[in-house]
Amino acid sequence: MLRSLVGSEMCIRDSRNKILRNIGNAFVKMGQYKDAVGSYEAVMETVPDIVTGFNLLLCFFALGNVEQLKRTFIRLLSIRGAGTEDDEDEEKEDRDVLVEDGLRKELKERRRQYVNFVITGARLIAPMLDPDWRV
C-alpha cells in the first residue's frame with residue numbers, strides 16, 4: 001500500500017512538473033518572461049533538470065537580470081543529469097570497444113546535451129559579465 005502511494009505521489013509530481021514546464025514554455029512564446037520564470041522556478045524547486053534550468057537562464061537573459069542570471073547559471077552547474085556523474089567511468093567505457101548498447105548510447109547523448117546546455121549558457125552570460133569577453 002505504501003509503495004503504491006509513493007509511486008502515485010511521484011507520478012503526480014512528475015505530471016505537475018511537466019504541466020508547469022509547458023506553461024512556462026507558453027509564457028515564453030508570448031514574451032511573458034516574468035510569468036515563465038515563476039513556472040520554471042517551481043519545477044526547479046522540486047526536481048531540477050538541465051532543460052528547465054537553461055530555460056530559466058534564457059528568461060533572466062531576456063529580462064536583463066544579471067544577478068539572477070549568475071545565480072541560475074551556478075544552479076545549472078549543480079544539476080547532475082544521467083550520464084554526467086563520473087568521467088573515469090566514461091574513459092573506461094571508451095577503451096572497452098566491445099561494449100556498445102542502447103543504454104550506453106542514450107547516456108552518451110544525455111551527457112552531450114548536458115555539456116551543450118552548460119557551454120551555451122556560459123557563452124550567453126559571459127558578455128553580460130564582462131563586455132570584453134570574446135565568443
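The exercises below work through a predicted model of a protein, each with a solution in steps.

**Exercise 1. Describe the overall fold: how many helices and strands are in the protein, and what share of its residues is buried?**

Step 1. The protein has 6 helices and 0 strands. Along the sequence this reads α-α-α-α-α-α.

Step 2. Of the 135 residues, 27% are buried. The accessible surface comes to about 9,300 Å², and carbon and sulfur atoms hold 56% of that surface.

Step 3. Take the contacts with a separation of 6 or more: residues 24 or more positions apart account for 55% of them.

**Exercise 2. Characterise helix α3: what is its span, which of its residues are buried, and what lies at its ends?**

Step 1. Helix α3 runs over residues 50-63 and has 14 residues. From first to last C-alpha, α3 reaches 20 Å, close to the 20 Å expected at 1.5 Å a residue.

Step 2. The buried residues of α3 are Ile50, Thr52, Gly53, Phe54, Asn55, Leu56, Leu57, Cys59 and Phe60.

Step 3. At the N-terminal end, Asp49 caps α3, with a side-chain oxygen 3.2 Å from the backbone nitrogen of Val51. After α3 comes Gly64, with a positive phi near 75°.

**Exercise 3. Find the aromatic pairs: how many are there in the whole structure?**

Step 1. The search gives 1 aromatic pair. The pair is formed by Phe54 and Phe117, with 5.0 Å centre to centre and 50° between the planes, and is tilted.

Step 2. Phe54 lies in helix α3 and Phe117 in helix α6 (residues 102-129), so the pair ties together parts that are 63 residues apart in sequence.

Step 3. Phe54 counts as buried because its relative accessibility is 10%. Phe117, at 21%, counts as partly exposed.

**Exercise 4. Examine the salt bridges: how many are there, and where do Asp49 and Arg21 lie?**

Step 1. The count is 5 salt bridges. One of them joins Asp49 and Arg21, with the closest N and O atoms 3.1 Å apart.

Step 2. Asp49 lies in the loop between α2 and α3, and Arg21 lies in helix α1 (residues 2-29), so this pair ties together parts that are 28 residues apart in sequence.

Step 3. Asp49 is buried at 19% relative accessible area, whereas Arg21 is partly exposed at 25%. Asp49 also caps the N-terminal end of α3.

Step 4. Another salt bridge links Lys70 and Glu67, with the closest N and O atoms 3.4 Å apart. Both residues lie in helix α4 (residues 66-78), 3 residues apart, about one turn of the helix. Lys70 is partly exposed at 33%, and Glu67 is partly exposed at 43%.

Technical notes. Residues are numbered from 1 along each chain as its sequence is written. This is a predicted model: local features need pLDDT of at least 70, side-chain atom pairs count only at pLDDT 80 or more; totals for chains, interfaces and linings use all residues. Side-chain values use heavy atoms; hydrogens and water are left out. Helices (H or I, at least four residues) and strands (E, at least two) are DSSP runs, numbered from the N terminus. Buried means under 20% relative accessible area, exposed over 50%, partly exposed in between (1.4 Å probe, protein chains only). Contact means heavy atoms within 4.5 Å. Accessible areas come from the Shrake-Rupley method with a 1.4 Å probe; for residues, only the protein chains shown count as cover. The expected span of a helix is 1.5 Å times one less than its number of residues. A polar contact is a pair of N or O atoms within 3.5 Å; within protein, one must be able to donate a hydrogen and the other to accept it, and residues adjacent in sequence count only if both atoms are side-chain atoms. Rings of Phe, Tyr and Trp (its six-membered ring) pair if their centres lie within 6.5 Å; planes under 30 degrees apart count as stacked, over 60 as edge-to-face and the rest as tilted. A salt bridge is a side-chain nitrogen of Lys or Arg within 4 Å of a carboxyl oxygen of Asp or Glu.
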